[in-house]
Amino acid sequence: MPPFTVLHVCMGNICRSPMAERLLLLAVRERLARLDVDPAGSDALVHSHSAGTGGWHAGEEMNPPAARQVISRGGDTEGFAARRLRSDLIDAADLVLTATADQQEYVVALRPDAAARTFVLGEFGRLLGGLDRSALPPAEPTPDAVYARGVALVAAADAARQNASALSTDDLDDPWGRGDQCFSRVADEIEETVQPLAAALLP
């Protein structure tokens, strides 16, 4: 059922997954603005949220260098609070994107039935580039259309990987404790997946 729900997962939920959460939301809003659709309606189309495999930072704000990357690219960090991953969050997600293969394994161990919709973020971006989008349901900026297209997109990406494991290069480096240059590179890598994902969901 709409909205199409994307759950981003990393370790502590203060660096990589929050950046992915907010940069996907930004990409969807920018796409809607180009279609002359009110970007404020993005939440009815795509629900982008995140969690961490560990709960050490539960309730904390986004790590400051991560927040700087989101804000500098036009996004916002308002209302963000870190939380630990729960099974019900996985159950409710149409697509789970993890920062690393280890976290993908963690998600699937918690919820084996989520394997077909759980990907390393870089893996999903890599697969997305090779999909035949003409075979997907029509792209329209409506909740039902985005949901149907998103679910079909995930199924197509799962079929395209043919049970192959993610590549080591699909992982996002953990920028925790490192400088702004590292955070910028990781944010760039996140955008390489979330921007094409927004473009695939919307016309």
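User: What should I know about the model before I start?

Analyst: It's a predicted model, in which local features need pLDDT of at least 70 and side-chain atom pairs count only at pLDDT 80 or more, while totals for chains, interfaces and linings use all residues. Residues are numbered from 1 along each chain as its sequence is written, and side-chain values use heavy atoms, with hydrogens and water left out.

User: Let's start with a helix. How many residues does α1 have, and what span does it reach?

Analyst: Helices here are DSSP runs of H or I with at least four residues, strands are runs of E with at least two, and both are numbered from the N terminus. The expected span of a helix is 1.5 Å times one less than its number of residues. Helix α1 has 19 residues and reaches 27 Å from its first C-alpha to its last, close to the 27 Å expected. After α1 comes Asp-36, with a positive phi near 60 degrees.

User: How many residues of α1 are buried?

Analyst: "Buried" means under 20% relative accessible area, "exposed" means over 50%, and "partly exposed" is in between (1.4 Å probe, protein chains only). In α1, 15 of the 19 residues are buried, so that helix is mostly covered. Take Ser-17, which sits in α1 (residues 16-34): Ser-17 has a relative accessible area of 2%, so it counts as buried.

User: Which residues is Ser-17 in contact with, leaving aside neighbours within four places in sequence?

Analyst: Contact means heavy atoms within 4.5 Å. With those neighbours left aside, Ser-17 is in contact with His-8, Val-9, Cys-10, Ser-50 and Ala-51.

User: Now a loop residue. Is Ala-58 buried or exposed?

Analyst: Ala-58 is exposed, at 51% relative accessible area, and lies in the loop between β2 (46-52) and α2 (64-72). Apart from neighbours within four places in sequence, Ala-58 is in contact with Ala-82 and Arg-83. For a sense of distance, Ala-58 and Asp-144 are 86 residues apart in sequence and 33 Å apart in space, C-alpha to C-alpha.

User: On to salt bridges. How many does the structure hold?

Analyst: The general idea is that side chains of opposite charge can pair when their charged atoms come close. The cut-off is a side-chain nitrogen of Lys or Arg within 4 Å of a carboxyl oxygen of Asp or Glu. This structure holds 14 salt bridges. One of them joins Arg-16 to Asp-174, with the closest N and O atoms 3.7 Å apart. Arg-16 lies in helix α1 and Asp-174 in the loop between α6 (143-161) and α7 (180-201), so this pair ties together parts that are 158 residues apart in sequence. Arg-16 is buried at 3%, whereas Asp-174 is partly exposed at 32%.

User: Which residue does Arg-185 meet in a salt bridge?

Analyst: Arg-185 pairs with Asp-173, at 3.1 Å from N to O. Here Arg-185 is in helix α7 and Asp-173 in the loop between α6 and α7, so the bridge ties together parts 12 residues apart in sequence. Arg-185 is partly exposed at 32%, and Asp-173 is partly exposed at 35%. Elsewhere, salt bridges with shared partners join Glu-21, Arg-22, Arg-29 and Asp-76 into one network.

User: What about two helices packing? At what angle do α5 and α6 pack?

Analyst: Axes are lines fitted to C-alpha atoms, for helices over the stretch in contact, and angles run from 0 to 180 degrees between N-to-C directions. Under 35 degrees counts as roughly parallel, over 145 as roughly antiparallel, 65 to 115 as roughly perpendicular and the rest as oblique. Helix α5 (residues 121-128) and α6 pack at about 90 degrees, with axes 10 Å apart, so they are roughly perpendicular to each other. The contact is made by Glu-123, Phe-124, Leu-127 and Leu-128 of α5 and Leu-153, Val-154, Ala-157, Ala-160 and Arg-161 of α6. As for cover, six of the eight residues of α5 are buried.

User: Last one: which residue has the cis peptide bond with Pro-2?

Analyst: Most residues other than glycine have a negative phi, and most peptide bonds are trans. In this model, the bond from Pro-2 to Pro-3 is cis, with omega near -5 degrees. Gln-162 is not a glycine, yet has a positive phi of about 50 degrees; Gln-162 is exposed at 67%. Asn-163, also not a glycine, has a positive phi of about 65 degrees and is exposed at 79%.
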